[in-house]
Amino acid sequence: MTDPQTSFAARLAAAGAARPALCVGIDPHPGLLSAWGLGDDAAGLDRFARTVVEALADRVAVLKPQSAFFERHGSRGIAVLETVIAEARSAGALVLVDAKRGDIGSTVAAYADAYLDPASPLAGDAVTASPYLGFGSLEPMFELAAKHGKGVFVLALTSNPEGAGVQRAVAADGRTVAGTILAELAARNAGATPFGSLGAVIGATAAGGIGHDLAKVNGPLLAPGLGAQGGRPADLTDLFGPALPLVLPAYSREILQNGPAVDALRASADTVWRSCASVLGRSA
Ligand SMILES: O=c1ccn([C@@H]2O[C@H](COP(=O)(O)O)[C@@H](O)[C@H]2O)c(=O)[nH]1
C-alpha cells in the first residue's frame, strides 16, 4: 500500500492548500471548439486541451478531462487525451479523468489498469466510477488506487435531474441508494488522515438538499453542476453543511466559454474561485 504521505488525498490536500482548491474540466464540446475558432477534429481537440493546460495546470489544484469528448474522436482523440493527462500532470495539476467507468468486477480490474496503473498512458491521479453494477464491483479500482496512491470518485448524487430517480430510491433496508454508497465510502475512508482517497460525486444542484451527513464520508466531495448547470457557490453552504471542508468545486463550461485567450481563462478561474473560497471559508 502507498505511504499515506503520498496518497491521493495527501496530494489533493497539499495542492488545495497551495493554490485554488478548484477542479476545472477540460470538456471540448463541439460548440466550444467552434466558439474558439477550432475544428471539430483531433487537431482542434489538441489545441483546445493544450490551451486549458497552459492556462490553468500550474494555477488550480485539479484538471478534469472529460473522456467522452476525447472518445468521440476515436483513437486520435484518445491519443490527445493521453498527451493532455501527461502534460497537465507535468505542469503540476492533479488530473482526475472523468470516465465514469463501472462493470462486473473482472472488467473493472481492466478499467483500473487503464486509469490507475502508472504504466498506462491513460492514468491520471484519480478516476470517476459508477457504482450501479454494485458498489463491491468497484473493489479492483479501490485496490489499485490504494496500491499506487491514486483516487477514485464514486457517483453518489449526481448533478443531473434524472439521477434522483435511481439515487434517491429507497432500498429494502430503508436507506437510499446514494446513502448506501456514501456509507460504503465512509467505511473505507474511516480513520484516514487528512482524509481518505475515495471520494463521492455530489452535484451542487441537489434540489431539496442532500439528506446525508457527508462529513462522515471523510473523503473528497467533487461538486459538479456549478455555473452552466445552474448551481451557485452560495448553494454549497446549505448543501454540504459540516462537510464543506471536503468539497472540491468543479466547473467546466463556465470557465471554458471564456477561451481561447489564456488570460481570460485564468481570470475566469480566479473569479469563480473567489466566489467559492468565501463560501468554503478558504483564502482566495
Ligand atoms: O454529477 C455529475 C458528474 C459529472 N459531471 C461532469 O462534470 C462536468 C460538468 O460540466 P459543466 O460544463 O460545468 O456543466 C461534465 O464533464 C460532466 O460530465 C456532472 O456534470 N455531473
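**Reading the contacts and the buried residues**

Modeller: Asp-125 sits in the loop that runs from helix H6 (105-116) to strand S4 (126-129). The model is predicted, so local features need pLDDT of at least 70 and side-chain atom pairs count only at pLDDT 80 or more, while totals for chains, interfaces and linings use all residues. Residues are numbered from 1 along each chain as its sequence is written, and side-chain values use heavy atoms, with hydrogens and water left out.

Biologist: What makes a stretch of chain a helix or a strand?

Modeller: Both are DSSP runs, numbered from the N terminus: a helix is a run of H or I with at least four residues, and a strand is a run of E with at least two.

Biologist: Why is Asp-125 called buried?

Modeller: Its relative accessible area is 2%. Buried means under 20%, exposed means over 50%, and partly exposed lies in between, with a 1.4 Å probe and protein chains only. Asp-125 is therefore buried.

Biologist: Which side chain makes a polar contact with that of Asp-125, and at what distance?

Modeller: The partner is the side chain of Arg-11, at 2.7 Å. A polar contact is a pair of N or O atoms within 3.5 Å; within protein, one must be able to donate a hydrogen and the other to accept it, and residues adjacent in sequence count only if both atoms are side-chain atoms. Beyond residues up to four places away in sequence, Asp-125 touches several others, including Phe-8, Arg-89 and Lys-150. Contact here means heavy atoms within 4.5 Å.

Biologist: How many aromatic pairs does the structure hold?

Modeller: There are 3. One of them joins Phe-8 and Phe-153.

Biologist: Why is the pair of Phe-8 and Phe-153 called edge-to-face?

Modeller: The ring centres are 5.9 Å apart and the planes stand at 85°. Rings of Phe, Tyr and Trp (its six-membered ring) pair if their centres lie within 6.5 Å; planes under 30 degrees apart count as stacked, over 60 as edge-to-face and the rest as tilted. The angle of 85° therefore makes the pair edge-to-face. The pair links distant parts of the chain, 145 residues apart: Phe-8 lies in helix H1 (residues 8-18) and Phe-153 in strand S5 (residues 151-157). Phe-8 is buried at a relative accessible area of 3%, and Phe-153 is buried at 1%.

Biologist: Why is the pair of Phe-135 and Phe-142 called tilted?

Modeller: The centres are 5.2 Å apart and the planes meet at 40°, so the pair is tilted. Phe-135 and Phe-142 are both buried.

Biologist: Which residues of helix H7 are buried?

Modeller: In H7 (residues 139-148) they are Met-141, Phe-142, Leu-144 and Ala-145. These residues pack against several elements, among them strand S3 (94-101), S5 and helix H9 (177-189). Just after H7, Gly-149 takes a positive phi of about 70°.

Biologist: Why does Thr-158 count as buried?

Modeller: Its relative accessibility is 19%, so Thr-158 counts as buried. Thr-158 is in the loop between S5 and helix H8 (164-167). The side chain of Thr-158 makes a polar contact with the side chain of Asn-160, at 2.5 Å.

Biologist: What does Leu-157 touch, and in which strand is it placed?

Modeller: Leu-157 is in strand S5 and is buried at 4% relative accessibility. Leaving aside residues up to four places away in sequence, Leu-157 touches residues including Gln-167, Val-201 and His-212.

Biologist: How many residues surround the ligand?

Modeller: There are 15, and the closest are Asp-27, Gln-66, Ser-159, Gln-229 and Arg-253. A residue is near a molecule or strand if one of its heavy atoms lies within 4 Å of it. Gln-66 is in the loop between strand S2 (62-65) and helix H4 (67-71), and at 13% relative accessibility Gln-66 counts as buried.

Biologist: What distances separate the side chains of Lys-64 and Gln-229 from the ligand?

Modeller: A polar side-chain atom of Lys-64 lies 3.2 Å from an oxygen atom of the ligand. For Gln-229, an N or O atom of the side chain is 2.8 Å from a ligand oxygen atom. The protein covers 87% of the 470 Å² of accessible area that the ligand has on its own. Such areas come from the Shrake-Rupley method with a 1.4 Å probe; for residues, only the protein chains shown count as cover.
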